[in-house]
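Grab a pencil and open the viewer. Here are some exercises, each followed by a worked solution.

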Amino acid sequence: MTSLVVLENNNNTTTTGDRESEKYLRELTKTFTGIDKPLKNARKCETLNDLIRELRQTFDSDHVNIEYVNHLMLSYESNPAEWRKFAKFDRFRYTRNLVDAGNGKYNLMILCWNEGHASAIHDHADSHCFMKMLKGQLMETRYAWPKDASVSEDCKADIGNGNAAGDQHEEQEYNGDELEELSRSTLETNGVCYINDTLGLHRVENPSHTDVAVSLHLYCPPFDVCSIFNKQTGKRTKCNVTFWSKFGKRDPANAN
């Protein structure tokens with residue numbers, strides 16, 4: 001059984017034993033690469049509300065079986081009538097729309113991709129990322145970390161709110177090697193993929209020029225800053241991560 005210790009970042013009562021246990025279990029999860037099929041004889045989520053409720057119960061514990069989390073994401077079959085109210089599109093770039101904040105232990109969100117929209121190459125800030133297709137398809141390209149992974153600069157752009165493209169900031173001269181591509185795969189409706197920083201970086205895009213795509217993402221623990229990377233040079237830049245909407249409504253903090 002693969003487990004992950006989930007601790008609040010502001011928990012001042014964590015003991016040395018807790019920290020050692022967390023370190024051990026985080027090392028253990030580095031070998032986890034995801035599962036392809038739901039677990040046998042495990043609870044299935046019939047609706048989106050079932051999924052949200054079961055995730056909350058699962059994350060009530062400090063020790064979370066990420067294989068079971070993967071199973072829950074696989075077991076839910078997409079029903080547009082259930083998630084349509086969270087699906088907010090922007091004509092210029094993909095959007096991140098918060099569905100459930102997970103009591104600070106995880107974020108569950110819906111990402112909406114118009115035709116041809118793509119993310120920058122990015123990491124996941126030492127978080128676990130599950131991505132499930134709700135509609136259409138997405139292509140994932142994975143890359144190895146650059147040899148020099150130090151942060152070169154900060155970027156004022158926000159990823160996910162539709163206002164600014166984090167991968168289109170002005171480039172300064174930087175001498176580095178082109179990122180090594182590891183793999184390409186296409187995620188179809190109801191499919192689930194998993195990534196963490198030990199597995200590399202990735203870029204996600206909607207390859208269709210005629211159809212939109214909608215995906216469901218779970219990040220544990222949640223994060224509000226990540227790094228994006230220049231494909232040609234490997235240059236690393238920090239970016240803020242925000243939401244276009246929260247719980248089905250436009251986030252006033254990020255509205256124009």
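Before we start, a helix here is a DSSP run of H or I with at least four residues, a strand is a run of E with at least two, and both are numbered from the N terminus. Contact means heavy atoms within 4.5 Å. Axes are lines fitted to C-alpha atoms, for helices over the stretch in contact, and angles run from 0 to 180 degrees between N-to-C directions.

This is a predicted model, where local features need pLDDT of at least 70, side-chain atom pairs count only at pLDDT 80 or more, and totals for chains, interfaces and linings use all residues. Residues are numbered from 1 along each chain as its sequence is written, and side-chain values use heavy atoms, with hydrogens and water left out.

**Exercise 1. Describe how α2 and α3 are arranged and which residues meet.**

Step 1: Find helix α2 at residues 48-58 and helix α3 at residues 66-75; their axes come within 10 Å and cross at roughly 175°.
Step 2: Classify that angle: under 35 degrees is roughly parallel, over 145 roughly antiparallel, 65 to 115 roughly perpendicular, and the rest oblique. The two helices α2 and α3 are therefore roughly antiparallel to each other.
Step 3: List the residues: L51, E54, L55 and T58 in α2 meet Y68, V69, L72 and M73 in α3.
Step 4: Sort them by class. Ala, Val, Leu, Ile, Met, Phe, Trp, Tyr, Cys and Pro are nonpolar, Asp, Glu, Lys and Arg charged, and the others, Gly among them, polar. The contact of α2 with α3 then has six nonpolar, one polar and one charged residues.

**Exercise 2. Find out how much of α3 is buried.**

Step 1: Set the cut-offs: buried means under 20% relative accessible area, exposed over 50%, and partly exposed in between (1.4 Å probe, protein chains only).
Step 2: Count. Nine of the 10 residues of α3 are buried, so α3 is largely enclosed by the rest of the structure.
Step 3: Check a few on screen; the buried ones include I66, N70 and L74.

**Exercise 3. Is R142 buried or exposed, and what does its side chain touch?**

Step 1: Find R142 in strand β7 (residues 138-143).
Step 2: R142 has a relative accessible area of 14%, so R142 is buried.
Step 3: Beyond its neighbours within four places in sequence, the residues in contact with R142 include E180, Y194 and H202.Step 4: The side chain of R142 makes a polar contact with that of E140 (2.9 Å). A polar contact is a pair of N or O atoms within 3.5 Å; within protein, one must be able to donate a hydrogen and the other to accept it, and residues adjacent in sequence count only if both atoms are side-chain atoms.
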